[in-house]
Amino acid sequence: MPWGNRRLAWRGAFRSRGILALVAVLLAACVGPGAQSTTTSAPEQPTTTAAEATGTTQDSPSTTEMLAEGPSCGTEEVVLNAYFETGFDLPFELADEFSAQFPNVSWDIKQDQFTNLMNATPRLLSGDNPPDLIRLPSMVSLVHDGLLKNLDDYAAAFGWDQWPQSQLLQNRVAEDGTRGSGSLYAMGLNHSLTGVFYNKELADQIGMTEPPTTVEEFDALLAEAKARGLQPIMAWNATASGGGLAFPLQHLMAAYGPIEPINEWIFQKPGANINTESNLAAAEHLQRWIEAGYFPEDVNAIEYTDANARFRGGEGVFIFNGDWENAVYDGEMGDNVGFFLFPPLEEGGQLAAMSAPLTFGIAAGAPNADCAAFFFNWVATNEAARQINVDVGGSNPGGPADLPVPPASAPITNETLAAGAEVAKANGQMDFIANATGAIFAEGWTPELQEMVGGLQDAAGLLEAVQAEYESQLER
Amino acid sequence: MKPDSQPPTGPASSDRPILPRRRVGRRRRLDGSGLAGWLFAAPALIMYGLFVLQPLLLTIQYSFYNWDGVGPGEWVGFANYVRVFTDPDLLGPIFNSFRLLIFFSVIPVTLGVVAASLIHRIASSRFGSAATTVIFLPQVIPLVASGIIWGWLLARPGVVNQVLEAIGLERIARAWLGDFGTALPAVGMIGIWVLLGFCTVLLQTGMAKIDPELYEAARLDGAGWWAELRAVTLPGIRYEIGVCLTVTAIAALAAFDIVYVSTGGGPGRATTVPGIKIYIEAFLQRRVGLASALAVALVFLVLAVILPVQRLTREDRT
């Protein structure tokens, strides 16, 4: 869900706070970069050596003790120090339910917009009061700086390593700083899914009785919508929200080629390149959509929330988005909204979707790490928690393979959950190309996609520019 | 970061304009009450040191490091500065900020002179103060709020386009802040709206100081509004124009809030100004050193533009 969140985060209020944050950071950094290193390298956190990563051998004494009887919140009073993201109810409702079941646990919850968290996380984690639980925007650089707790021991203790591993992959960071393998540093409260939402009434008008099964069929529907004077695709592409056209682009990439190279690029595997032949074909396809006028003419000025409001209001037959928006769509559109996975190039081809965990981590120096880890385990396995997850979050709660996903109250959520099961069966999960590095969205995809809309950039130039930006960011 | 906002340098200098006649006794008093004077100034000095000088010095320090904001910093000498002056990605924002200079500085000052002289003529009537209030009002609204409001007004479904459509100009209706051709002028327009009031009020005060007899003499000689403006008003308010140019030029070159809130630097890089670039480098790219070097370069850029203006107006004064 990081994408959706990031876009929302840019709305309104945080902007003034961003300036405050800037001042705060300048002040907090007054020790100077040289001296900083001695105070922030999180002494309690053992750097991940191979021995620790593989085994349950001596860590700190408390860890060994805890492993003997299983980590938990104990019976003493515990106050969990948490940072959640403003505007998303799920973690708050889970926290309430957790306290109801474990009355000795209370919460000290601070909340902030996603983009603020993104800027502040390193300082929060390295500060005097490291959070027990924090929403993580990205993790590689945090792991590199030794700010996040290694969760391998918890994974062994709770049996997370017996769960379907695809849900943990994105939260693993290897010693060389690539994601997708290595030690576990975060857990997802749930797992999002993207695809195409459609307005059923408008879909009727263009004669769509069944979701398209090939890209060609989808093209025909878009052309039909355009011919009838409807807005074929509602989308957002304004700077503050980020280039939302990356959604259709990535779906096209997965239709035109295999998803493994895309994931390798996102996980920063050495030599990974986004500028491949199949991706070029996908970008050219997107460019044709732009030139055909399938997106709103003012898409470069449309923010995420505006796009969704306009789609809910009946402007746009289709919108590329993720299941985090389910509850909102359900509230206004009810039965009139449907969902399908973006079709493959050929009928019966590989199904794919973007899917990312709603990532939370534990600070390396967190005082109540055991309790926080216990909370992760509870969210994925407790019946009440899983129900809250689908009803409020709209996404798959993940967890052990043998636990059923509870039916949701919103019909659209049941559609996305079913689609998610298909994607899982096809092993078609991709992370978001916008999340490959901390700034690739703001400095790569967004400006280049906007230029493509403005007719200043073509498909080949887009991929070249993004790849160059990616390499310059990894150089550091 | 205004160059003229120096800290008070003690009681001696601040006494001078208020108590000019006590010049003789002043020196002796300095010894006795000097300490008390410094004590009075101390809170302001401490705040100034803590919130202005220290960040400034730290920024200069960071600019010599390669630092991600958390881990250990690595001394790299002038490498960040070399990059600032050779990276073509960093020249675009500087070019944009000079284009903004026209909208934030030249236009508000020009319009300000016209507005102030018109209002000056009707200053005594009730309409005069009403006009001043209306023009000054945007100055009272926080810049972030201005940015958000104008974002709505200039959107495709916004009021500006509704008006255009109502009067039959739907052909030029567009998403003003999302169009590559109009985004920067649209941001500039917000700047004009904000800064015009400041310039008008300041210039009006300057005009109020001009001896009315000069106007009378000019009118007796048959001068119209234009001749009066050229021969009497403009020379009389040269210093105020200098202040206006200084303040608005800083607002243009160091712009951040209005741009960040209304366009975020987009579409593409059409409205990316140095302030936005510094923010992105520091907080998204986590290149604190490079961002600091860019910030230091921006300070010198601002000084390079401001100092000549200051010098011109100062010389004229004496």
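**Reading strands, a helix and an interface**

Guide: In this predicted model, Tyr83(A) stands opposite Ile134(A) in strand 3 of chain A. Residues are numbered from 1 along each chain as its sequence is written, chains are lettered from A and ligands numbered from 1 in the order in which they are written. The model being predicted, local features need pLDDT of at least 70 and side-chain atom pairs count only at pLDDT 80 or more, while totals for chains, interfaces and linings use all residues.

Visitor: How many bridges join strand 1 of chain A to strand 3 of chain A?

Guide: Strands are DSSP runs of E with at least two residues, and helices are runs of H or I with at least four, both numbered from the N terminus. Two strands pair if DSSP finds at least two bridges between them. Here two bridges join strand 1 to strand 3 (residues 133-135) of chain A, and the two run parallel. Strand 1 is also joined to strand 2 (residues 105-112) of chain A, by eight bridges and again in parallel. In that pairing Ala82(A) stands opposite Ile109(A).

Visitor: What do strand 1, helix 6 and strand 2 of chain A make?

Guide: A crossover is right-handed if, with the strands pointing away from the viewer, the path from the first strand over the helix to the second runs clockwise. These three elements of chain A form a right-handed β-α-β unit, with helix 6 covering residues 90-101.

Visitor: How many residues of strand 1 of chain A are buried?

Guide: A residue is buried if 20 or more other C-beta atoms lie within 10 Å of its own, exposed if 12 or fewer, and partly exposed in between, with C-beta atoms placed from the backbone. By that count seven of the eight residues of strand 1 (residues 78-85) of chain A are buried. A case from the other end is Gly271(A), which counts as exposed because it has 6 C-beta neighbours inside 10 Å. Gly271(A) sits in the loop between helix 14 (260-266) and helix 15 (277-291) of chain A.

Visitor: Which residues are buried in helix 6 of chain A?

Guide: They are Leu90(A), Pro91(A), Leu94(A), Ala95(A) and Phe98(A). Down the axis of helix 6 of chain A these buried residues fall within an arc of 130 degrees, so they line one face of the helix; the arc is that of the directions from the helix axis to the C-beta atoms. Asp96(A) and Ala100(A) are exposed on the face turned away from the buried side.

Visitor: What do the buried residues of helix 6 of chain A pack against?

Guide: Packing is read from contacts: two residues are in contact if their C-beta atoms, placed from the backbone, lie within 7 Å. The partners of helix 6 are strand 1, strand 2, strand 6, helix 18 and helix 19 of chain A. Helix 19 (residues 383-393) of chain A has buried residues of its own, including Arg386(A) and Asn389(A). Just after helix 19 of chain A, Gly394(A) takes a positive phi of about 80 degrees.

Visitor: How many residues of chain B are in contact with chain A?

Guide: The size of an interface is often given as the accessible area lost when the parts come together. Counted by contacts instead, 35 residues of chain B touch 34 residues of chain A. Helix 2 of chain B supplies the largest share of chain B's side, five residues.

Visitor: What else is there to read in chain B?

Guide: Chain B has 14 helices and two strands. Of its 318 residues, 38% count as buried.
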